[in-house]
Amino acid sequence: MVDMDKAQEDGRPKEYHRNGMSVETLSRAIMDSLYYREARIPAVATRNDWYLAVSYTVRDRIVSRWIKTIESIVKRDIRVVSYLSAEFLPGPHLVNNMINLGIYEQMKQAARAVGLDLDALIEQEEEPGLGNGGLGRLAACFMDSLATLEIKAVGYGIRYEFGIFDQLIRDGWQVETTDKWLHLGNPWEIERPEIAYEVSLGGQTWSYYDREERYRVRWIPERVVKGVAYDTPILGYKVNSVNLLRLWKAEAVESFDFKAFNVGDYFGAVDEKVNSETISKILYPNDEPSQGKQLRLAQQYFFVSCSLQDLIRFHLLSGNALESFHEWNAVQLNDTHPSIAIAELMRLLVDEHLMEWDQAWHITTHTFSYTNHTLLPEALEKWPVSLFKEVLPRHLEILYEINRRFLDEVRRKYPGDEKRAARLSLFDEGGEKSVRMAHLASVGSSAINGVSAIHTDLLKRTVLRDFHEYSPEKFHNVTNGVTPRRWMALSNPGMTALITGRIGDRWISHLEENLRELEEHAEDDEFRRGWQEVKRRNKENLASVIEERTGIIVDPETLFDVQVKRFHEYKRQHLNVLHVLTLYNRLRKNPGLDITPRTVIFGGKAAPAYTMAKLIIKLIHAVGDAVNADPDVADHLKVVFLPDFNVKRAHRIYPAADLSEQISTAGKEASGTGNMKFSMNGALTIGTLDGANLEIREEVGEENFFHFGLTPQEVDDLKSKGYRPSQHYDSNEELREAVDLIRSGFLSKDDPNLFKPLVDSLLHHDEYMLFADYQPYVDCQERVSEAYRDKEKWARMSILNVARMGKFSSDRSIREYSEKIWKVKPVPISLE
């Protein structure tokens, strides 16, 4: 045990225990945190106590950098980026912050000096489940890159008390349980009770003319909730810049009604508290019932209102005039969820700060930029006008006025073209009248971007075609990226050490510039052997996790064929299942068949109300039960479903994968980021030319990418001609056998009709073209199997995949946003 009061004996002054980096100082700091922050002694400290002590020790070393960053923003004229996102999936903070501070090894030694296993403490951390998938993970990668590039930024979102559900599997079915990520405390956040804003909901509006005969509107809300700030520092990699993730918790303005309590209404006394806190209680409530829609709209408005009030407060506090707000604030809308921010900023400027409409609109449209993340019509949010009137009556009036003025401009540009005006309108008049949130984001933003080259092109030609024709100068492409700090350095330390041993460590923060230096080592026999050994260890680690979590024993020598992502029919996990059944049928007919042994690994969550996606998860388990229990195929094929896929699980999965399944229907995936994470960790991709797959293929080389399937244009052409999936079923024997095995009841003996809805959907509709792409996919998998047999060739291809992935760093994405859209530059921070 370290003596906390013992000074260094070599004559050097003892480091301050709040920011020193030596092993001795870190050891003292851990003990100090345990004693003075937790009031614990080692004899009774739990693993969570020690985790908190180590986390506070690391956080202390971030705080001084954080304060310096804030001071730089206050003292200088700096345009700050605000990233508004309904989701943030940062993953565990502890190990990421140690890597970014450059103290991982020192902290490991310091923990050992006080009798701790740092790896066990890292596992103790609950990750914040503040997102559903790619959208939240992208936001977290961008926050990491903003800090690393020293672009001053704030991420704004919601502090959901219960995040994305924890996934259990019972009898093959997904079961959702509550994600209580806060139940043991969160050492990374700092509550700011003094930073709180009131947010109005419901009620009615009154219009009047003020003393200067100007038209004004007063909103008389039905209820008011309070948003309280919780701050988390986001540290850049080996820089002194620390950006801010500010999340809002909903509370009651008055949390206790003494009058109700005194007359015996004990539950009514806390009604307001319960109702108010519901807003930030859970990520994405089921919005099928009307109450769910109300809550989701209230959530979106709640966090953007708090965020914009916060930005205005800070802007005025810095001594700036409100008229210059857009000059010092660049606000990015991460998809359509925060689009109501456009109407809210107008309300704040016009109603609260009494600004004239035209000036307020100029400020608003020069403040916001909009990132579109989807081409799926159902994902482009629309809210019924009746709901808007009930929840946000003042904003509905503002939307009508924005729309009136915008359509006047449209009619001036396209006189007599009322169909175009109807298509561009913020309001959809077909069926139940509704507000088109993507249209609001497009009208109220100075820039609109897609997230891959093909997605941006399709965006211009399909869902936002009219907006592109009206304002082509607004449109940009910024292909997504992921942070190499988390997805290489943190999750794959063996590969990181191997690469760094050959080309140095500058690549970790300059991926695009330096990683290609790795190419020349692909021909080095010794380097390839090291590469294969790292992959082997990663596969052994994942095999241990699989056995622990599922009881299934898998062979690390087999090809690890991995598809982990959110479950959706367009992502086509069931196409993968059809291939598995094809292999199974071949082996049942001929047990001695010489095929490349493979372990097919699935993971991901289905939305609780998405019945078909949950049925696909059940099908995977049914197939796995049959395949894994069949002794004739045991040495050739295994099927695994790893439950509760999240960032921590991903740290183990991506580095162990040999093959990355990116097989969505062409034209449906905007970008994808899992494809990038797999490739950065040496997995080869089998995929359609969808999302960022096309650009990955261009970068890594066609010869290092297994491509199959229809193009987006071919999908459209086939559908327009009258696609008949039953023709493929009738003419393809192996497809027919795989489908018949599903519908025969062989996989569901207790309920032979269990999978009938899925089979009927494929036979009669096949919206996502599985049958059309089935044979090209199976043929492509044959090429995969053949390539994997040549281990030296596969290792060479794997190395080249990694070496050529520099473009897909989120650092490159952020540089492009900074130059094309935000017009911001780095501001380095120095510590005195």
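Predicted model: local features only at pLDDT ≥ 70, side-chain atom pairs only at ≥ 80, totals over all residues.
**Entry 1: a cut-off before anything else**

A residue is called buried when its relative accessible area is under 20%. I wanted that in hand for Glu 150, which comes out at 13% relative accessibility and therefore counts as buried.

Glu 150 sits in the loop between α6 (134-148) and β2 (153-158). I looked up its backbone too: phi is positive, about 60°, although Glu 150 is not a glycine. Most residues other than glycine have a negative phi.

**Entry 2: another positive phi**

I then turned to Met 769, a residue other than glycine with a positive phi near 60°. Where is the place of Met 769? I found it in the loop between α31 (756-764) and α32 (770-789). Its relative accessibility is 0%, so Met 769 counts as buried.

**Entry 3: stepping back to the whole chain**

I checked confidence before reading further. The average pLDDT of the chain is 94, and 95% of the residues score at least 70.

The secondary structure tally gave me 34 helices and 22 strands. For overall dimensions, I read a C-alpha trace spanning about 90 × 85 × 60 Å along its principal axes. Does that go with a compact globule or with something else? A compact globule of 832 residues would have a radius of gyration near 28 Å, and the chain agrees because its own value is 28 Å.

I noted that 61% of the 832 residues count as buried. Among contacts with a separation of 6 or more, 75% are between residues 24 or more positions apart. The accessible surface comes to about 32800 Å², and carbon and sulfur atoms hold 49% of it. For charges, I have 105 positive and 126 negative side chains, with the centres of the two sets 2 Å apart.

**Entry 4: helix α12 and its surroundings**

Which residues of helix α12 (residues 357-365) are buried? My list reads Trp 357, Ala 360, Ile 363, Thr 364 and Thr 365. The buried residues of α12 pack against α10 (325-328), α11 (341-352), β11 (368-371), α14 (393-413) and α16 (437-443).

At 1% relative accessibility, Ile 398 counts as buried. Leaving aside neighbours within four places in sequence, Ile 398 is in contact with Ala 343, Met 346, Arg 347 and Trp 357. Trp 357 is on my list of buried α12 residues as well. I also took a C-alpha to C-alpha distance: Ile 398 and Thr 456 are 29 Å apart in space and 58 residues apart in sequence.

Asp 335 is in the loop between β10 (329-334) and α11. Is Asp 335 buried or exposed? Its relative accessible area is 8%, so Asp 335 is buried. Beyond its neighbours within four places in sequence, Asp 335 is in contact with Leu 135, Tyr 370, Thr 371, Asn 372 and His 373. For Asn 372, I read a C-alpha separation of 5.0 Å from Asp 335, although the two are 37 residues apart along the chain.

**Entry 5: Leu 587**

Leu 587 is part of helix α23 (residues 573-589). With a relative accessible area of 0%, Leu 587 is buried. Its contacts, sequence neighbours within four places aside, are Leu 593, Ile 595, Val 633, His 636 and Leu 637. I checked Val 633 by C-alpha atoms: it is 46 residues away along the chain and 6.3 Å from Leu 587.

Glu 251 belongs to strand β9 (residues 242-252). Its relative accessibility is 18%, and Glu 251 therefore counts as buried. Outside four places in sequence, I found Glu 251 in contact with Val 225, Lys 226, Val 228, Tyr 230, Ser 276 and Glu 277.

Asn 96 lies in helix α3 (residues 94-101). Asn 96 has a relative accessible area of 10%, so it is buried. What does Asn 96 touch, not counting residues up to four places away in sequence? I wrote down Asp 144, Arg 486 and Leu 490.

Definitions and conventions. Residues numbered from 1 in each chain as written. Heavy atoms only, no water. Helix = DSSP H or I, 4+ residues; strand = E, 2+ residues; numbered from the N terminus. Rg over C-alpha atoms; globule rule 2.2 N^0.38 Å. Buried < 20%, exposed > 50% of the residue type's maximum accessible area, 1.4 Å probe, protein only. Contact = heavy atoms within 4.5 Å. Areas by Shrake-Rupley, 256 points an atom, 1.4 Å probe, with all protein chains shown as cover. Lys, Arg positive; Asp, Glu negative; His and termini not counted. Charge placed at Lys NZ, Arg CZ, Asp CG, Glu CD. pLDDT = per-residue confidence, 0-100.
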